[in-house]
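Work through the exercises below with the model open beside you. Try each task before you read its solution.

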Amino acid sequence: MTLSNGVTTNTAGRGTPLVVAENLTVGYELERERKLLTALTNINLTVHEGEFVVLVGPSGCGKTTFINAVAGLLQPWEGTVTYQGKPIKGTSRDRSMVFQDYAVMPWRTVEQNVRMPFEFRDSGLSNSQIDERIQTMISDVGLQGFEHSYPHELSGGMRQRVGIARAMVTQPKLLLADEPFGALDAMTREVLQAQLEKLVMNAGQTVVFITHSIDEAISLGDRIAVISHRPGTVREIIDVNIERPRLAEGEITRHPEYGALREHLWGLVKDEALGARGAVA
Ligand SMILES: Nc1ncnc2c1ncn2[C@@H]1O[C@H](COP(=O)(O)OP(=O)(O)OP(=O)(O)O)[C@@H](O)[C@H]1O
Ligand SMILES: [Mg+2]
């Protein structure tokens, strides 16, 4: 389907489905109040192999809840969420997470942080292969020379690179990124967006990425799922038909589709944000 402003929403002709959420409803048990809180309701979303899917929506609409369910940290209340056709039961090396708040271990050096995923599960690699993988990953994110630095000796952007390196060092099939660049200044953010685009393009990775930034969503996403206010559901899925690499030259805003996409997305997100405020009032 093509909307009047040139925005397409068809999903035909994509790769193999990797993550499939069908009528997914999930939430939390509020122990103190002894009640259940539905965070997401009736979510239908398919993430295909090699696809970069971005989730946008108002604060509290359930975006983090969705990636927690895909990570295997939460179980569906109703409906299903599958990975390669099987219900997701727990965490897996195949699915890695990057968090918003530089979730790196302050008592570990850069190299020791990036090594962590190899300490929890047997990777089948020899020690020298692991060392090589870690070294390559550290240089891929531009941290060579800082291997033995501690997080407090790094800038925010550098700490976030450690988080990305740690999530990607095992070459996971699926990267789950929860506002990884949210706390960074605009310039660092653009640099890291470009670096992430390059990394995932090279590795052919599948990504589910949360952001509050419409520009970031258009810069990175193959598709953008707009989630409604809580309990969140998929309001619309928008295709971004802009060739890659989009960020190497940094001038995505000049692309002819950019303005129409931005306007359309902004309309949807504003609507939902106002709806959320209305719901609270
Ligand atoms: N551990 C938890 N226990 C109880 N309720 C929770 C928990 N985590 C989230 N919630 C509730 O679930 C709802 C969805 O939260 P979630 O963190 O998924 O939203 P979000 O879309 O990621 O928001 P934000 O954009 O602010 O990060 C919110 O109402 C929140 O209060
Ligand atoms: Mg969140």
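This is a predicted model: local features need pLDDT of at least 70, side-chain atom pairs count only at pLDDT 80 or more; totals for chains, interfaces and linings use all residues.

Residues are numbered from 1 along each chain as its sequence is written, chains are lettered from A and ligands numbered from 1 in the order in which they are written, and side-chain values use heavy atoms, with hydrogens and water left out.

**Exercise 1. Describe the surroundings of ligand 1.**

Step 1: count the shell. Around ligand 1 there are 15 residues; a residue belongs if one of its heavy atoms lies within 4 Å. The closest are Ser59, Gly60, Lys63, Thr64 and Thr65.

Step 2: sort the shell by class. It holds six nonpolar, six polar and three charged residues. Here Ala, Val, Leu, Ile, Met, Phe, Trp, Tyr, Cys and Pro count as nonpolar, Asp, Glu, Lys and Arg as charged, and the others, Gly among them, as polar.

Step 3: look for N or O atoms close to the ligand's oxygens. The side chain of serine 59 places an N or O atom 2.6 Å from an oxygen atom of ligand 1. A polar backbone atom of glycine 60 is 2.7 Å from a ligand oxygen. For a backbone N or O atom of cysteine 61, the distance to an oxygen atom of ligand 1 is 3.2 Å.

Step 4: check the cover. On its own, ligand 1 has 630 Å² of accessible area, and the protein covers 65% of this. Such areas come from the Shrake-Rupley method with a 1.4 Å probe.

Step 5: find the contributing elements. Strand S1 (17-30), strand S2 (35-48) and helix H1 (63-71) each give two or more residues to the shell. Helices (H or I, at least four residues) and strands (E, at least two) are DSSP runs, numbered from the N terminus. H1 gives the largest share, three residues.

**Exercise 2. How many residues of H1 are buried?**

Step 1: apply the cut-offs. Buried means under 20% relative accessible area, exposed over 50%, and partly exposed in between (1.4 Å probe, protein chains only).

Step 2: count. Eight of the nine residues of H1 are buried. Among them are Lys63, Phe66, Ile67 and Val70.

Step 3: compare with arginine 115, in helix H2 (residues 110-120). Arginine 115 counts as partly exposed because its relative accessibility is 22%.

**Exercise 3. What is the strand order in the open sheet of six strands?**

Step 1: read the order. It is S6-S7-S8-S3-S9-S10, with mixed pairing. Two strands pair if DSSP finds at least two bridges between them.

Step 2: find the edges. Strand S6 (95-98) and strand S10 (234-239) each pair on one side only.

Step 3: follow S6. S6 and strand S7 (residues 174-178) run parallel over four bridges. Methionine 97 has leucine 176 of S7 as its bridge partner. Both faces of S6 are covered, with Arg95 and Met97 buried on one side and Ser96 and Val98 on the other.

**Exercise 4. Which strands are at the edges of the four-strand sheet?**

Step 1: state the order. It is S2-S1-S4-S5, with antiparallel pairing.

Step 2: name the edges. S2 and strand S5 (86-87) each have a single partner strand, so one side of each lacks a neighbour in the sheet.

Step 3: locate a bridge. Tyrosine 83 pairs with lysine 86 in S5.

Terms used. A polar contact is a pair of N or O atoms within 3.5 Å; within protein, one must be able to donate a hydrogen and the other to accept it, and residues adjacent in sequence count only if both atoms are side-chain atoms.
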